[in-house]
Amino acid sequence: MLAAKKIMSRSDALEFLNCRRLPARLNTSEASILLGIQEHDISALIAAKLLLPLGRPAANAPKYFAAVEIVERASNSGWLAEATKALAKHWQRKNQRKQLKLTCFG
């Protein structure tokens with residue numbers, strides 16, 4: 001089953017997108033494919049409280065998401081705009097911290 005393995009290649013992603021029925025629970029790579037974002041952006045959306053993983057997973061535990069919620073969010077242009085703003089802000093802050101570190105210690 002696709003949910004058991006991590007999606008690595010473009011062909012795996014296309015195979016997942018062409019499924020007749022999605023699994024009820026999606027991992028981070030599957031959720032990122034449906035949302036059209038990078039897998040590492042999922043953690044930023046969780047931190048911004050725009051995505052909520054199922055249950056209460058520990059910080060280092062794998063995160064799973066309800067497929068119905070991911071599909072709903074992927075079709076909601078308002079949510080996608082908020083997510084895009086949150087991701088832009090996240091990476092802007094991260095890059096500013098990197099630049100500050102380079103100017104102070106570089």
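Which residue lies over the face of Y64? In this predicted model, that residue is R25, placed 3.9 Å from the ring centre.

**Helix 2 and helix 4**
- Helix 2 covers residues 28-35 and helix 4 covers residues 67-74. Their axes lie 9 Å apart, and the packing angle is about 25 degrees.
- Angles under 35 degrees count as roughly parallel, and helix 2 and helix 4 are therefore described as roughly parallel to each other.
- The crossing in which helix 2 passes helix 4 is right-handed.
- Helix 2 contributes A31, L34 and L35 to the contact, while helix 4 contributes I70, V71, R73 and A74.
- Of the residues in this contact between helix 2 and helix 4, six are nonpolar, one is charged and none is polar.

**Helix 1 and helix 2**
- Helix 1 is formed by residues 10-17. The axes of helix 1 and helix 2 come within 10 Å and cross at roughly 75 degrees.
- Because of that angle, helix 1 is roughly perpendicular to helix 2.
- On the side of helix 1, the contact involves A13, F16 and L17, which meet E30, I33 and L34 of helix 2.
- The contact of helix 1 with helix 2 comprises five nonpolar residues and one charged residue, with no polar residues.
- L34 of helix 2 takes part in the contact with helix 4 and also in the contact with helix 1.

**Aromatic rings**
- Zero aromatic pairs are found when the whole structure is searched.
- The ring of Y64 has R25 over its face.

How values were computed. Residues numbered from 1 in each chain as written. Predicted model: local features only at pLDDT ≥ 70, side-chain atom pairs only at ≥ 80, totals over all residues. Heavy atoms only, no water. Phe/Tyr/Trp six-rings, centres within 6.5 Å; stacked < 30°, edge-to-face > 60°. Lys NZ or Arg CZ within 6 Å of the ring centre and 35° of its normal. Axes fitted to C-alpha atoms, helices over the stretch in contact; angles between N-to-C directions. Helix = DSSP H or I, 4+ residues; strand = E, 2+ residues; numbered from the N terminus. Parallel < 35°, antiparallel > 145°, perpendicular 65-115°, else oblique. Left-handed = near helix turned anticlockwise from the far one by under 90°. Contact = heavy atoms within 4.5 Å. Nonpolar A, V, L, I, M, F, W, Y, C, P; charged D, E, K, R; others polar.
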